[in-house]
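Student: I'd like a close look at one part of this model, with the criteria spelled out as we go.

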Amino acid sequence: MAATVERTESGYVGVTADAEWAAEIRRLADERDAVLLAHNYQLPEIQDVADHTGDSLALSRIAAASSAATIVFCGVHFMAETAKILGPDKTVLIPDERAGCSLADSIDAEQLRSWKAEHPGAVVVSYVNTTAEVKAETDICCTSSNAVDVVRSIPAEREVLFCPDQFLGAHVRRETGRENLHVWAGECHVHAGINGPELTERAEANPEADLFIHPECGCATSALYLAGDGTLPEERVKILSTGGMLDAARSTGASSVLVATEVGMLHQLRSAAPEIDFRAVNERASCRYMKMITPAALLRCLREGADEVDVPAEVAERARASVERMVSIGRPGGGE
Ligand code: SF4
């Protein structure tokens, strides 16, 4: 395949995702002994060419269990880091290392260390959308599915520092009634596209529609909060992991479903249940970082073996402990 990949500010371009491209991707993946993992919010053509599609935690587990020498993680940087933390002996590649996450960027290790110094003895709970260095400073990681269980597992008299997502933190505080839970004021830029009034308005305008809220990735935690406080009609609101959302798509009696999450999820839902009218609560809820994993970026990645993601062994070891505690508490959720 002769396509020339061009690097631009917003990502790699210059390649059409046609059958020739897909065949070349598969050929190069075999040559590298690579398994291709695609997050649910990836472009449809990336999802279709991958070996596995799922949420970050499910994909990290697949990565760790895989016999492939190389993991190509089509997602954002912290997800590839988590795959490296759980599978330190593997080569982990991300097609464009500039694919960050505004939520993960809302706290760094230095800020967390300062916050911990203000609350000596507090237990740190971090959402999985954090850098490896922040995970290394964390006692227990959590997903939005098990955040409440994780906080409940901590003795009531201990202070808790919860970061970085303020919506998920507010949800956990309300559910646990815990006043000694301090919440970091971080958020994801995609949250802004799924705001409360808009969500309520769409639900009212579509009274027959179910509302699927995907709690992973941080994209729908504001919706999670609104559903929990009764702003949205409880019987129509389904807070579901990726796997649960796909199962619900196949079994729901509703003819239309509003989906409150990043728009990439619509591709899988429409494939699973073509007879249902799936609509995004907000079409603009698209993560520009996720969309940096273009067909051109994936081709370059497999051709050049770049960009490689590494996590220093000492950081990885401490981060792994907090991730493993997460997996052992409650139902961490995900698309498994
Ligand atoms: S949608 Fe938000 S939380 Fe998810 S990867 Fe993008 S910036 Fe991060």
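Student: Leaving aside its neighbours within four places in sequence, which residues is Leu266 in contact with?

Tutor: Happy to walk you through it. This is a predicted model, so local features need pLDDT of at least 70 and side-chain atom pairs count only at pLDDT 80 or more, while totals for chains, interfaces and linings use all residues. Residues are numbered from 1 along each chain as its sequence is written.

Beyond neighbours within four places in sequence, Leu266 touches Val259, Phe278 and Ala280; a contact means that two C-beta atoms, placed from the backbone, lie within 7 Å. Leu266 sits in helix H12, residues 265-272. Helices are DSSP runs of H or I with at least four residues, strands are E runs with at least two, and both are numbered from the N terminus. Leu266 counts as partly exposed because it has 18 C-beta neighbours inside 10 Å. The scale calls a residue buried at 20 or more other C-beta atoms within 10 Å, exposed at 12 or fewer, and partly exposed in between. Asn40 is 226 residues away from Leu266 in sequence, yet their C-alpha atoms are 9.0 Å apart.

From there, let's turn to some cysteines. An unreviewed UniProt entry places the feature "binding site" at Cys101, Cys188 and Cys287; UniProt positions follow the numbering used here, feature names are shortened, and annotations may be inferred rather than shown by experiment. The three are spread over 187 residues of sequence but cluster in space, with a largest C-alpha distance of 9.3 Å.

Cys101 lies in the loop between strand S6 (91-93) and helix H5 (109-118). With 25 other C-beta atoms within 10 Å, Cys101 is buried. Sequence neighbours within four places aside, Cys101 is in contact with Val76, His77, Phe78, Asn129 and Tyr289. Cys188 also belongs to a loop, between strand S10 (181-183) and helix H9 (196-205). Cys188 is buried too, since 28 other C-beta atoms lie within 10 Å.

Another cysteine, Cys301, brings us to helix H13, where it is among the buried residues. H13 spans residues 295-304 and is mostly covered, with 8 of its 10 residues buried. The elements covering those buried residues include strand S2 (11-13), helix H1 (19-32), strand S3 (34-39), helix H2 (44-49), strand S5 (70-74) and S6. After H13 comes Gly305, with a positive phi near 70°.
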